[in-house]
Amino acid sequence: MAYPNWIRPNSGSLGKIAAQQFFNLDLLAEDSDPITNGTITFSLQAGLLPKGLQLSPTGKIQGNPEATFLLQGVPFSVNQDVTSEFTIRAKNDLDGTITDRTFSIIVTGNYPPEILTDVTPLGVFLDGTEV
């Protein structure tokens, strides 16, 4: 019985990525026992991936990360970085052994805010048109 060994990435930091730009990373863990050589699958165990990113069972993290903020009052600057921490489990499907690793990733938020307004009409003119 051999536990999966993490090969890529070699540390828990996945670095800094830009919001709203496609991101793709292949995780890699291998069975440390060459005799059993089981298939390794990946799953999210704790925390959350940044909004817009997904993890596949084959270890692929991909998507378009989003940085979303709730602003109240007058917006003055939306250039915050958002750090996400999450734990991914590598599981050997042959013998059920597992190895967990915690990762962090920073999504930069250097883009202009999208301002949403209420879509209800302000009023109606006497001729029936909405304001």
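Reader: Is R89 buried, partly exposed or exposed, and what's its relative accessible area?
Author: R89 is partly exposed, with a relative accessible area of 23%. This is a predicted model, so that value is computed from predicted coordinates.

Reader: Which residue does the R89 side chain meet in a salt bridge?
Author: D100. The N to O distance is 2.8 Å.

Reader: Where do R89 and D100 lie?
Author: R89 is in strand β8, and D100 is in strand β9, which covers residues 98-108. The pair therefore ties together parts that are 11 residues apart in sequence.

Reader: And D100, what does that one count as?
Author: Partly exposed, at 38% relative accessibility.

Reader: How many salt bridges does the structure hold?
Author: Three. Another one joins K16 and D81, with the closest N and O atoms 3.2 Å apart.

Reader: Which parts of the chain does the K16 and D81 pair link?
Author: Distant ones: K16 belongs to strand β2 (residues 13-18), while D81 is in the loop between β7 and β8 (82-92). The two residues are 65 residues apart.

Reader: K16, buried or exposed?
Author: Exposed, with a relative accessible area of 52%. D81 counts as partly exposed, at 37% relative accessibility.

Reader: What does D26 form a salt bridge with?
Author: With K60; the closest N and O atoms are 2.9 Å apart.

Reader: Changing topic. In what order do the strands of the open sheet come?
Author: The order is β3-β7-β6, three strands with antiparallel pairing.

Reader: Which strands stand at the edges?
Author: β3 (23-26) and β6 (53-55). Each has a single partner strand, so one side of each is left without a neighbour in the sheet.

Reader: How are neighbouring strands turned against each other on average?
Author: By 15°, with direction ignored.

Reader: Back to β6. How many bridges join it to β7?
Author: Three bridges join β6 to β7 (residues 60-63), and the two strands run antiparallel.

Reader: What stands opposite L53?
Author: G63 in β7.

Methods:
Residues numbered from 1 in each chain as written. Predicted model: local features only at pLDDT ≥ 70, side-chain atom pairs only at ≥ 80, totals over all residues. Heavy atoms only, no water. Pairing = 2+ DSSP bridges. Helix = DSSP H or I, 4+ residues; strand = E, 2+ residues; numbered from the N terminus. Axes fitted to C-alpha atoms, helices over the stretch in contact; angles between N-to-C directions. Salt bridge = Lys/Arg side-chain N within 4 Å of Asp/Glu carboxyl O. Buried < 20%, exposed > 50% of the residue type's maximum accessible area, 1.4 Å probe, protein only.
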